[in-house]
Protein chains: 2
Amino acid sequence: MKKALFLILFLPVGVFGQDHTAMIKKIYDHQLSESPAYENLRALCKEIGPRLSGSPQAAAAVEYTRQLMLDYGFDTVYLQPVMVPKWVRGSTEIARITNSDKVGTRELRTVALGNSVGTGPAGILAEVVEVKSIEEVNALGKAVAGKIVFYNGEMDPTLVNTFQAYGSAVVQRAYGASEAGKFGAKAVIVRSMTNRRDDIPHTGSLVYKPLMPQIPALAISTNDADLLSDLLQDQKGLKMYVETHCEMQEDVLSYNVIGEIKGAEYPEEIIVVGGHLDSWDVGEGAHDDGGGCMMSIEVGRTFLALGIRPKHTIRIVMFMNEENGLRGGKEYARVAKEKGEKHIAGLESDSGAFGPMGFSSMGEETSRDKIKSWKPYFLPYFVWNFDKVGSGADISPLEDQGVFLMEMEPNPQKYFNYHHTEADVFEAVDKRELELGAGTMTAMTYLIDQEGLK
Amino acid sequence: MKKALFLILFLPVGVFGQDHTAMIKKIYDHQLSESPAYENLRALCKEIGPRLSGSPQAAAAVEYTRQLMLDYGFDTVYLQPVMVPKWVRGSTEIARITNSDKVGTRELRTVALGNSVGTGPAGILAEVVEVKSIEEVNALGKAVAGKIVFYNGEMDPTLVNTFQAYGSAVVQRAYGASEAGKFGAKAVIVRSMTNRRDDIPHTGSLVYKPLMPQIPALAISTNDADLLSDLLQDQKGLKMYVETHCEMQEDVLSYNVIGEIKGAEYPEEIIVVGGHLDSWDVGEGAHDDGGGCMMSIEVGRTFLALGIRPKHTIRIVMFMNEENGLRGGKEYARVAKEKGEKHIAGLESDSGAFGPMGFSSMGEETSRDKIKSWKPYFLPYFVWNFDKVGSGADISPLEDQGVFLMEMEPNPQKYFNYHHTEADVFEAVDKRELELGAGTMTAMTYLIDQEGLK
């Protein structure tokens with residue numbers, strides 16, 4: 001034991017200048033043995049639950065995380081007001097095959113897409129036409145008038161980075177309604193964004209393009225999408241009845257929750273670290289993005305618990321309204337600009353609370369190189385991939401202020417098993433993976449604070 | 001598109017000799033889009049179930065995997081006879097606190113450890129003495145006589161490689177009964193081997209040391225272990241009643257299942273790839289090691305499906321009896337030696353069907369270096385860690401024949417959430433992670449076959 005200690009004390013500092021190995025081990029050890037992150041996530045998911053912008057639960061989550069940061073002794077904790085959209089799902093949601101030769105009448109499980117208009121009580125009964133992409137709709141043109149367009153494009157299973165597959169397929173969900181509506185379609189049904197074959201419909205936001213007709217949009221599960229596609233192969237004139245009662249109401253006041261630990265040397269220079277507090281109204285927003293929020297709070301708490309006084313100001317932000325508006329992220333950037341604040345880095349966690357495997361980043365190449373030079377610090381914790389270019393959604397509005405932006409990247413294989421569904425619940429998060437995520441976020445924040453990015 | 005193709009065709013071959021990038025992508029793409037591995041695992045777990053050595057289910061699994069290999073068109077499929085221990089759990093299992101001042105009588109959930117003797121219908125009622133290690137028992141010596149020894153050593157949560165934490169803690173389970181029995185203890189109760197706090201007891205094998213008294217051994221969950229420890233703090237003379245009806249019966253005949261694809265250039269040189277077909281009698285042996293078996297069969301099936309004719313003979317083995325005897329692995333090595341077979345490599349998957357992250361290996365350093373030089377082929381699939389020294393249990397008896405040995409290493413964070421418990425069921429395995437594992441095993445086998453290890 002004495003011998004080992006001797007070796008550690010005389011470890012060569014090597015390429016890093018100061019050697020941060022011991023402090024980084026302390027950070028991870030602390031997370032893996034004493035972290036409240038998992039219990040805090042449980043409370044957020046189970047005692048508050050889903051937190052759609054403008055909902056009472058979103059307001060409760062604002063207060064809960066504000067209290068957490070106060071309890072942990074952050075130097076300053078405050079709310080940043082932001083007006084957010086209030087979209088309400090309403091009660092009944094129906095997606096029914098009405099005249100199948102093979103299965104007769106069949107109810108499909110469905111959830112309206114976020115931001116969608118509803119059908120109202122009259123519902124919509126129409127023939128279904130299947131497409132695999134927006135391009136196909138544009139090729140069909142007026143042939144979709146009066147119909148329900150069924151977007152059945154699949155995520156490419158061969159893409160190991162599932163977010164890449166999502167990025168290609170999700171345009172159907174985001175813009176499919178407008179693209180079909182402009183040709184007179186009555187409604188759209190979208191295949192859920194997942195690689196799995198299962199029975200769970202995935203919601204998520206759509207964006208109505210300006211000056212185009214707004215038509216209702218619903219998601220169905222991949223199993224139901226496969227069934228519907230099969231039935232359409234065999235039968236011309238297959239019809240569906242859809243009914244939803246969702247609506248976009250007036251904007252309401254909400255908040256970003258902000259907590260700071262003041263920098264000892266450069267208090268005016270800010271490292272912003274965060275996730276988004278809002279979630280969809282199905283499930284509990286555990287991976288998306290309760291986990292990211294709890295990790296971010298852990299960054300601040302761990303600094304305080306281990307007595308690390310940062311050089312720069314560490315600012316922890318629970319962003320509001322990432323899911324259907326990004327208003328919190330936009331307002332945060334607007335205010336930062338207005339105040340002339342100097343951000344040296346932004347770090348987000350919004351890709352789930354799975355085992356961390358790296359960081360994406362974007363900004364000056366020299367800063368990216370510096371981040372990559374820290375890789376040896378992270379390898380003992382199985383965090384190895386520093387190559388991806390990218391950022392988190394909430395911090396992305398800071399890009400035009402020249403802020404170096406990063407997102408923690410967990411292993412992405414299982415994210416779309418849960419994303420935007422009733423399955424995104426606390427039980428889907430593993431305690432050690434969450435803690436490793438919190439340790440990884442903290443270690444990176446610590447290195448940026450200690451070493452800077454220049 | 002044409003431009004990209006041009007670039008690919010003229011890719012520099014670089015350090016690798018022949019460039020295998022395209023074939024490796026083909027292997028992974030095939031797994032991620034067309035693999036039957038997940039469905040095969042479902043059938044193994046749900047239609048057959050737990051497969052303890054000597055059980056009817058183990059026999060059914062032998063026949064099931066033999067049929068699979070025949071159906072996939074392996075060149076040769078045969079059974080290798082091996083005598084295995086037959087340990088039977090029996091019905092009632094009781095671990096009861098009988099006289100707590102605080103909770104009165106309390107039933108704890110329990111499973112007898114594999115290979116343990118039973119208490120018989122009379123059971124054992126005795127005072128409980130808590131220890132954290134075998135060293136503590138040796139220090140107590142005769143003071144444990146007539147008592148139930150409660151081994152409550154925890155897995156170290158700060159070890160990122162959970163197998164390392166397991167390795168330190170599991171000696172209590174493996175040897176604790178003999179070490180306490182030699183001082184006259186009546187029975188042992190062991191804290192389950194997991195980092196989690198939950199209510200699930202974990203079984204696993206013990207080894208009775210020769211010429212020592214054999215006393216019954218049971219596992220309790222970590223939550224119950226914490227409770228018991230708390231109660232013992234407050235109360236001298238706390239007693240428990242334990243009752244088990246397990247017993248070791250006569251050895252029975254079973255089999256390793258072997259399937260080969262003959263090598264075109266070096267048919268006498270063998271690459272052996274496998275997992276173990278037996279499992280504990282609780283749960284379904286999904287991660288341990290149904291997943292490893294299905295991945296191994298996929299190696300052979302994928303070679304055939306993609307028309308890869310191997311240079312060396314690829315031999316897929318479903319080893320029997322890893323869990324409580326390693327008889328299959330030992331017999332395989334014995335027969336190989338007897339026949340004078342030449343194995344150029346052994347590759348096992350027995351660390352769960354979680355997302356693959358690397359390979360351990362042991363053998364000549366030049367071969368390890370060669371394996372490591374292939375890392376760039378694997379990075380696109382998030383497989384990055386080639387440093388660990390180690391092998392799989394079933395192939396380890398080949399070590400003294402100088403065979404280069406490897407094990408695929410999945411991310412280990414969650415393995416001990418399931419290991420040896422009722423929770424190790426099909427639903428705990430993710431389809432994509434299983435497929436990536438199968439792709440990784442296949443790609444490594446392909447590279448060893450193509451490039452050799454010299």
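This is a predicted model: local features need pLDDT of at least 70, side-chain atom pairs count only at pLDDT 80 or more; totals for chains, interfaces and linings use all residues.
Figure 1. Residues are numbered from 1 along each chain as its sequence is written, chains are lettered from A in the order in which they are written, and side-chain values use heavy atoms, with hydrogens and water left out. The same surface serves both copies, since 96% of the contact residues of chain A (contact means heavy atoms within 4.5 Å) recur in chain B.

**Figure 2. The fold of chain A.** Chain A holds 13 helices and 15 strands, where helices (H or I, at least four residues) and strands (E, at least two) are DSSP runs numbered from the N terminus. Along the principal axes, the C-alpha trace of chain A spans about 80 × 45 × 40 Å. Buried residues, meaning those under 20% relative accessible area with a 1.4 Å probe and protein chains only, make up 62% of the 454 residues in chain A. Among contacts in chain A between residues at least 6 apart in sequence, 83% join residues at least 24 apart.

Figure 3. In chain A, the peptide bond that joins D288(A) and D289(A) is cis, with omega at about 5 degrees, and D289(A) has its place in helix α8, which covers residues 286-305. In chain B, the peptide bond from D288(B) to D289(B) is also cis, with omega near 5 degrees, and D289(B) lies in helix α8 (residues 286-305) of that chain.

**Figure 4. N321(A), a residue with positive phi.** Although N321(A) is not a glycine, its phi is positive, at about 75 degrees. N321(A) is found in the loop between β12 (312-319) and α9 (327-339) of chain A, and N321(A) is buried, with a relative accessible area of 0%.

**Figure 5. F382(B), a residue with positive phi in chain B.** Phi of F382(B) is near 65 degrees, a positive value in a residue other than glycine. The loop that holds F382(B) runs between α11 (375-378) and β15 (405-410) of chain B, and F382(B) is buried, with a relative accessible area of 11%.

Methods: Buried means under 20% relative accessible area, exposed over 50%, partly exposed in between (1.4 Å probe, protein chains only).
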